[in-house]
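Here are some short notes for a first reading of this model. Please keep the structure open beside them.

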Amino acid sequence: MTPSVGLALADGETADAEQLLREADTAMYEAKQSGKACVRVFDAAMQRRAAERLRLEEDLRRAIERDELTIQYQPIVDLEGGTVHAFEALCRWEHAELGPIGPDRFIPIAEDTGQIVALGERVLVSAARWLARWRRARPEEPGVRVQVNLLRHQLAADGLAEWIAGLVRGEGIEPADVVLETTEIAYVEDEDTLIRTLESLHGAGFVLSLDDFGAGYSTLSNLKRFPVDQVKIDRSFFSGAHEQRDVLALTREIVTLAGNRGFDAVAEGLESAEQVTVLRVVGCRYAQGFVFARPMGGDAALDWRWDEARLGLAA
Ligand code: C2E
Ligand code: CA
Ligand code: CA
């Protein structure tokens, strides 16, 4: 068990017991948000954040209902084949008054409130629909796939595999064309249930990807316990936060393990041509990042081709 504790202090002005409880609750919420197993003391800034969040929660519900969220696609390239391997679907929210709100802010809200299920359904259907178009528009790349993120909350739906297999088939796409990315595996309370869910998705034909690998909780042993077809090496690896030598050694280790166990390794968050060169040295075949392309609308993705000459990378 990991207790999260919120404290509120009666300072003479807050004599009201109900208000004190509300404040303690807000503080407890922040304790949970701060990674659980900690104590937070209520203050005025917390109050502001809670009000702001409440507003976002309501606005997000409306935006999902009205289908106002858009989805962008970021290519994952095949460095060996010189083709696009897949496009990852990433959700975008342009708030009418507050402007663009990043998924790092609204996805956790959607997850806490359960709205992630409705949102995820739209993302899946839209991604499958775009994939059907890309397949027609890119006959030279018949293997192009689409990658969709699934959070823990989404994995808990009953009959998940049959349900989402039905969704993508409705758009003329087979589960084998869809890569499902999951993260935070060590965070899950009930590991056996998770493994069963992943296995049922696998059994339905979906390709499974372990996202943000190396970001904190992941260990190499997770790769042995969970059914995975792909591992995405977290962008913190390549962002300069680690010693270059460690990055090389660890990437090489993951790539070797991938080769031995038959899954793909994808490096994410690549921002420079030098990083791509390093990846090639360690034999990592698939890569994603701003150096190739930023997430773009589905239409732009139709015409996007991987052209390594543009990066000055030609071997
Ligand atoms: P993620 O799955 O790790 O997605 C990759 C994130 O890295 C994206 O941020 C992408 O824009 C960003 N990125 C890609 N290349 C680079 C790079 O070279 N440098 C840097 N600095 N960043 C790069 P984004 O779109 O802000 O998404 C953030 C997170 O929100 C995603 O992380 C994912 O966990 C979540 N998310 C986004 N859309 C969805 C969705 O439709 N469903 C679910 N469940 N989660 C989503
Ligand atoms: Ca992802
Ligand atoms: Ca990631």
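The points below cover the basis of the model, a surface patch, a helix pair and one proline.

1. This is a predicted model, in which local features need pLDDT of at least 70, side-chain atom pairs count only at pLDDT 80 or more, and totals for chains, interfaces and linings use all residues. Residues are numbered from 1 along each chain as its sequence is written, chains are lettered from A and ligands numbered from 1 in the order in which they are written, and side-chain values use heavy atoms, with hydrogens and water left out.

2. A nonpolar patch on the surface is formed by Val 5, Leu 7, Leu 9, Val 39 and Val 41, with about 410 Å² of accessible area together. Strands β1 (5–7) and β2 (39–41) are the elements that give two or more residues to this patch. (Strands are DSSP runs of E, at least two residues; helices are runs of H or I, at least four.)

3. Val 41 lies in strand β2. Its relative accessible area is 40%, so Val 41 is partly exposed (buried is under 20%, exposed over 50%, partly exposed in between, with a 1.4 Å probe and protein chains only).

4. Helices α4 (residues 116–137) and α6 (residues 160–169) pack at an angle of about 40 degrees, with their axes 8 Å apart. The two helices are therefore oblique to each other (under 35 degrees is roughly parallel, over 145 roughly antiparallel, 65 to 115 roughly perpendicular, the rest oblique).

5. Pro 108 is found in helix α3 (residues 103–113). Pro 108 counts as partly exposed, at 31% relative accessibility. Its C-alpha atom is separated by 26 Å from that of Asp 229, 121 residues apart along the chain.

Conventions: Patch = residues over 30% accessible without salt bridge, like charges linked within 9 Å, V, L, I, M, F, W, Y side chains within 5 Å. Areas by Shrake-Rupley, 256 points an atom, 1.4 Å probe, with all protein chains shown as cover. Salt bridge = Lys/Arg side-chain N within 4 Å of Asp/Glu carboxyl O. Axes fitted to C-alpha atoms, helices over the stretch in contact; angles between N-to-C directions.
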